[in-house]
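Hi everyone, thanks for coming.

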Amino acid sequence: MTTSTVKTNLLGLTQQEMEKFFDSIGEKRFRAGQVMKWIHHFGVDDFDAMTNVSKALRDKLKVIAEVRGPEVVSEDISTDGTRKWVVRVASGSCVETVYIPQGKRGTLCVSSQAGCALDCSFCSTGKQGFNSNLTAAEVIGQVWIANKSFGSVPATVDRAITNVVMMGMGEPLLNFDNVIAAMHLMMDDLGYGISKRRVTLSTSGVVPMIDELAKHIDVSLALSLHAPNDALRNQLVPINKKYPLKMLLESCQRYMATLGEKRVLTIEYTMLKDINDKVEHAVEMIELLKNTPCKINLIPFNPFPHSGYERPSNNAIRRFQDQLHQAGYNVTVRTTRGEDIDAACGQLVGQVLDRTRRSERYIAGRELNAADDLPLIAVNRI
Ligand code: SAH
Ligand code: SF4
């Protein structure tokens with residue numbers, strides 16, 4: 001271990017924080033914008049490459065600051081174009097970032113914590129328990145790494161990353177300040193310039209923090225519902241015992257009201273065979289959500305070893321979708337992507353997987369699409 005003084009990592013600083021930083025070292029505030037563009041638009045981490053910054057300032061920055069993203073442990077590309085990075089964060093744990101291309105859209109799924117304390121019964125991240133909160137630099141660093149891998153582009157050119165969802169590992173509302181700072185950078189023109197509608201925070205329902213969120217930011221919100229009544233949700237999403245459904249939906253309604261535009265809540269519903277996929281569950285859900293303008297995204301369960309759950313048949317998922325659709329809801333089914341590289345929802349465990357396990361998963365994925373079951377791609381209803 002060296003004993004050198006800790007350098008300020010500029011990667012995770014918002015514009016305001018960056019301006020403060022330059023103020024504090026006796027430099028002009030406009031330097032913040034210059035340096036941020038180098039970092040976020042061009043993926044630069046070497047001060048010497050920042051050619052519009054004077055040599056004297058570059059030398060000063062090299063001594064007191066750094067631009068450091070998490071270490072990339074592996075990068076995999078799926079047969080369907082999905083990419084997955086495993087990155088190591090300061091605590092020593094690994095987390096995952098997934099890029100999902102879909103037509104003109106490119107969605108990056110970003111992690112907020114290593115592990116998760118909330119222990120949802122069907123989630124492999126939850127099974128690991130909590131390890132650490134990511135720093136703001138580690139959260140935005142995932143966007144930085146992905147962006148760099150597509151080749152840095154100036155702000156005026158379309159970027160490969162059009163959307164960001166905080167749906168990787170961890171509960172973003174339990175790492176509040178760092179996630180908020182990183183989301184500001186995602187939206188800032190000096191950062192990644194992504195519209196507020198295209199940055200989505202997903203939560204399992206930390207009610208006080210949903211209320212807090214509205215005071216800081218106006219990103220889109222997704223709620224991981226997974227059950228239409230408290231008894232079942234208590235089993236699947238234990239935080240429901242603390243913040244039950246009524247309280248939760250009211251806080252989501254309050255948040256959505258602050259957005260003040262035609263923006264609707266996304267409801268995520270992981271479908272578990274014989275657990276939450278029956279006709280009566282859809283009936284209850286229709287009743288539960290009648291006062292909450294929303295769109296519903298059904299996520300077929302992604303299996304992992306010893307989960308104890310199964311994915312419903314595609315026909316069962318379609319029946320459920322049809323029922324909600326007939327009640328007037330906009331319902332999509334999330335098609336599983338990147339299964340051959342273990343990049344699907346709930347399969348993120350922060351490990352570099354060996355080839356054997358990968359091929360097992362791939363075959364398992366294929367078996368789910370047996371000829372007697374309609375492919376899900378054909379059943380999306382908007
Ligand atoms: N902690 C946040 C965000 C990360 S999880 C949350 O819970 O909302 C992102 C989404 O994947 C959540 O809706 C989560 O419930 C879902 N998910 C977790 N494990 C899954 C699995 N094995 N199969 C399908 N979806 C899963
Ligand atoms: Fe945590 Fe979300 Fe997984 Fe629940 S579903 S354990 S909140 S990461």
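Let's begin at serine 220, which sits in strand β11, residues 220-224. Strands here are DSSP runs of E with at least two residues, helices are DSSP runs of H or I with at least four, and both are numbered from the N terminus. Serine 220 counts as buried because its relative accessibility is 14%. The cut-offs are these: buried is under 20% relative accessible area, exposed is over 50%, and partly exposed is in between, with a 1.4 Å probe and protein chains only. Not counting residues up to four places away in sequence, serine 220 touches Lys196, Arg197, Val199, Thr200, Leu201 and Arg263. A contact, by the way, means heavy atoms within 4.5 Å.

A quick word on what you are looking at. This is a predicted model, where local features need pLDDT of at least 70 and side-chain atom pairs count only at pLDDT 80 or more, while totals for chains, interfaces and linings use all residues. Residues are numbered from 1 along each chain as its sequence is written, chains are lettered from A and ligands numbered from 1 in the order in which they are written, and side-chain values use heavy atoms, with hydrogens and water left out.

How confident is the predictor? The pLDDT, its confidence in each residue from 0 to 100, averages 88 over the chain, and 86% of the residues score at least 70. Over residues 153-157 the pLDDT is below 50, and this stretch has three contacts in the model beyond near neighbours in sequence. Residues 352-382 also have a pLDDT below 50, with 55 contacts in the model beyond near neighbours in sequence. Where pLDDT is low, the predicted coordinates should not be read in detail.

Now follow the chain out of β11. In the loop between β11 and α8 we find histidine 226. Its phi is near 70°, a positive value in a residue other than glycine. Is histidine 226 buried or exposed? It counts as buried, because its relative accessibility is 4%. Compare that with histidine 306, in the loop between β13 and α11. Histidine 306 has a positive phi of about 60°, although it is not a glycine, but it counts as exposed, at 82% relative accessibility.

Helix α8 covers residues 230-236, and leucine 236 lies in it. Leucine 236 is buried, with a relative accessible area of 1%. Which residues is it in contact with, leaving aside neighbours within four places in sequence? Among them are Cys120, Phe122, His226, Leu272 and Tyr309. Leucine 236 is also 8.7 Å from aspartate 119, C-alpha to C-alpha, though the two are 117 residues apart in sequence.

Aspartate 119 brings us to the ligands. Ligand 2 is surrounded by Cys116, Leu118, Asp119, Cys120, Cys123, Gly126, Gly170, Glu171 and Ser204, where near means that a heavy atom of the residue lies within 4 Å. By class, that shell has four nonpolar, three polar and two charged residues. Nonpolar here means Ala, Val, Leu, Ile, Met, Phe, Trp, Tyr, Cys and Pro; charged means Asp, Glu, Lys and Arg; the others, Gly among them, are polar.

Around ligand 1 there are 22 residues, the closest being Gly170, Ser202, Ser224, His226 and Asn302. A nitrogen atom of ligand 1 is 2.9 Å from a polar backbone atom of glycine 170. Another nitrogen-side pair has a polar side-chain atom of threonine 270 lying 3.2 Å from a nitrogen atom of ligand 1. An oxygen atom of ligand 1 is 3.2 Å from an N or O atom in the side chain of glutamate 268.

In α10, residues 279-288, the buried residues are His281, Ala282 and Met285. They lie on the same side of α10 because they cover an arc of only 100° around the axis, the arc being that of the directions from the helix axis to the C-beta atoms. Their cover includes α8, β12 (265-271), β13 (294-300) and α11 (314-326).

In helix α3, residues 55-64, Leu57, Arg58 and Leu61 are buried. They pack against α1 (15-24), α2 (31-41) and β2 (65-66). The face turned away from that buried side carries the exposed residues Lys55, Ala56 and Val63.

Definitions and conventions
pLDDT = per-residue confidence, 0-100. Polar contact = N/O pair within 3.5 Å; in protein donor to acceptor, adjacent residues only side chain to side chain.
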